[in-house]
Amino acid sequence: MKTKIILFIASLFAVSALVAANTSPLTEMEQIAFAPNTQTDSLLLYADGELMFERYENGYTKDNKHVAWSVSKSISSAIIGALVYQNKLDIKKSICDYLPAAKEFNHCDIRTTDFLSWSSGLYWNEMYEDANSDREQSSVGQLLYGDGTADTTKFMLTHPSPNAGKKVWNYSTGDSTFLMGIAKAVVPKAEEQTFPWKYLFDPLEIDVTFGQDQLGTFGGGSSIYIRPRDLARIGELYIKRGMWNGKRIFSEEWVDYTNSRPETFDFLDSASFPMHSKRSWWTINPKIAQAKKIPDSLIANGHWGQYLVIIPSLKMVLVRMGNNQDIAQEFDLIATIEKAVRAVEQKQGGK
Amino acid sequence: MKFILIILSSVSALALAEIPHYKTPLVILATRYRAIHTCNCLYVMKMNQDYCVNYSKIDPPIFTVVIDAANKSVSSGVSGQPIKPVVAKFANDRTGCRIQND
């Protein structure tokens with residue numbers, strides 16, 4: 001009888017432990033991110049530089065690189081930050097100071113900071129997925145697989161400024177790709193093929209594949225392949241405000257610049273923007289973030305569900321890679337971040 | 001009246017001039033997409049053939065894929081059409097696959 005009671009009490013503890021496990025924020029995060037048919041390939045959560053959660057699916061392991069798509073834009077901005085720290089360029093100067101060809105196309109009023117802010121003012125049609133649209137007139141399609149493949153930098157320069165020189169915010173894979181054209185122009189010839197590794201990837205000890213156009217200019221808008229753990233290191237670099245193992249990669253001013261809103265991004269009250277633009281990065285729409293109690297975030301966001309989420313105040317990094325092309329239901333990024341934040345707060349003692 | 005027409009036509013000419021007219025036809029865009037993404041999926045991401053052929057699919061499903069594993073290259077054409085296939089070939093770990101020029 002006594003044994004039975006003890007067993008009964010023990011089983012009660014076991015059940016309550018199970019219930020507690022099922023309702024922990026970390027478990028809830030996993031259930032949301034890996035809900036049936038979500039096509040999440042990997043999810044990693046770090047706090048204070050420590051791995052708290054890691055899971056791979058759909059045939060991926062920690063050793064597979066994953067296509068980063070537009071997360072490449074944010075990584076390219078980090079490369080520009082490193083080149084600025086090395087005094088190779090000034091983002092406030094005209095692009096004509098670095099690319100004489102820009103003069104021929106009357107684009108001397110545009111600066112590197114405008115490209116970093118998706119605000120070059122150059123004509124751009126970012127549409128590409130709608131099978132009913134005129135896919136031949138998609139600027140992205142032509143940049144990556146058509147007229148632009150020979151020389152992406154010159155391809156960008158051939159685009160007009162329809163707003164008569166006025167800088168307007170227009171999310172553009174072309175603007176981000178052009179950054180690597182500027183980078184190639186400002187580094188010594190011997191570094192043209194190596195600068196992303198020399199100034200960013202090698203110091204972080206990460207192995208990255210970076211596709212190029214036919215001239216050898218890196219595809220800064222979309223062509224990076226990276227392992228999720230390596231992508232998380234780029235996130236950590238922002239938490240460490242540009243310092244890595246005692247070596248400065250970019251300045252603290254660069255981190256603050258990245259984390260600022262382009263003055264051209266004036267969709268602040270629009271419900272159609274769940275994310276707001278930073279400089280080649282994103283943040284959660286503050287109204288949504290406030291409602292979900294998510295602190296200030298810096299997010300790299302790529303096609304078909306690639307995300308690098310940095311929450312500096314919690315020293316938190318979240319990586320989600322996936323393949324949303326076959327699913328009707330979007331991966332719920334906000335709910336995943338919300339649960340991740342709760343899990344990190346719990347770990348850090350309810351800060 | 002003539003004056004208004006001139007103004008109108010110059011305005012519309014200006015508007016047309018603002019939008020570039022791209023030249024590469026859809027067949028080339030689609031076969032290059034199919035070839036390069038299958039190639040990078042196989043030799044950079046190191047996923048299997050079924051996964052990669054599905055990953056790089058395009059609507060409508062008329063763009064074919066032929067994998068040459070020995071040469072780490074992928075060619076793509078259009079089923080039922082005698083066009084010259086586009087070939088993407090793995091170059092190296094740093095830059096991945098590249099479209100081969102003629």
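**Exercise 1. Strand pairing in chain A**

Task: In this predicted model, find in which sense β4(A) and strand β5 of chain A pair, and over how many bridges.

Solution. Step 1: Locate strand β5 of chain A at residues 224-226. Step 2: Follow its pairing with β4(A), which is antiparallel and runs over 2 bridges. Step 3: Pick out a facing pair; A:T209 stands opposite A:Y225 in β5(A).

**Exercise 2. The interface of chains A and B**

Task: State how many residues each chain gives to the contact, and describe the side that belongs to chain B.

Solution. Step 1: Count the residues: 43 come from chain A and 35 from chain B. Step 2: Take the area; the two chains bury about 3300 Å² between them, with 49% of it on carbon and sulfur atoms. On the side of chain B, the residues that lose the most area to chain A are B:Y22, B:Y55 and B:R94, together 25% of what that side buries. Step 3: Count the polar contacts; 22 residue pairs across the interface qualify. Step 4: Assign elements. In chain B, those giving two or more residues to this side are α1 (2-18), α2 (26-43), α3 (49-55) and β4 (96-99). The largest share, 8 residues, comes from α2(B). Step 5: Sort this side of chain B by class: 18 nonpolar, 8 polar and 9 charged residues.

**Exercise 3. A salt bridge between chains**

Task: Which side chains meet in a salt bridge between chain B and chain A, and are they buried, partly exposed or exposed?

Solution. Step 1: The count between the two chains is 1 salt bridge. Step 2: Its partners are B:R94 and A:D202, at 3.9 Å from N to O. B:R94 lies in the loop between β3 (86-92) and β4 of chain B, and A:D202 in the loop between α9 (195-201) and β4 of chain A. Step 3: Buried means under 20% relative accessible area and exposed means over 50%. B:R94, at 34%, is therefore partly exposed, and A:D202, at 42%, is partly exposed too.

How values were computed
Residues are numbered from 1 along each chain as its sequence is written. Chains are lettered from A and ligands numbered from 1 in the order in which they are written. This is a predicted model: local features need pLDDT of at least 70, side-chain atom pairs count only at pLDDT 80 or more; totals for chains, interfaces and linings use all residues. Side-chain values use heavy atoms; hydrogens and water are left out. Contact means heavy atoms within 4.5 Å. Buried area is the accessible area (1.4 Å probe) that two parts lose on being put together, summed over both. A salt bridge is a side-chain nitrogen of Lys or Arg within 4 Å of a carboxyl oxygen of Asp or Glu. A polar contact is a pair of N or O atoms within 3.5 Å; within protein, one must be able to donate a hydrogen and the other to accept it, and residues adjacent in sequence count only if both atoms are side-chain atoms. Helices (H or I, at least four residues) and strands (E, at least two) are DSSP runs, numbered from the N terminus. Ala, Val, Leu, Ile, Met, Phe, Trp, Tyr, Cys and Pro count as nonpolar, Asp, Glu, Lys and Arg as charged, and the others, Gly among them, as polar. Two strands pair if DSSP finds at least two bridges between them. Buried means under 20% relative accessible area, exposed over 50%, partly exposed in between (1.4 Å probe, protein chains only).
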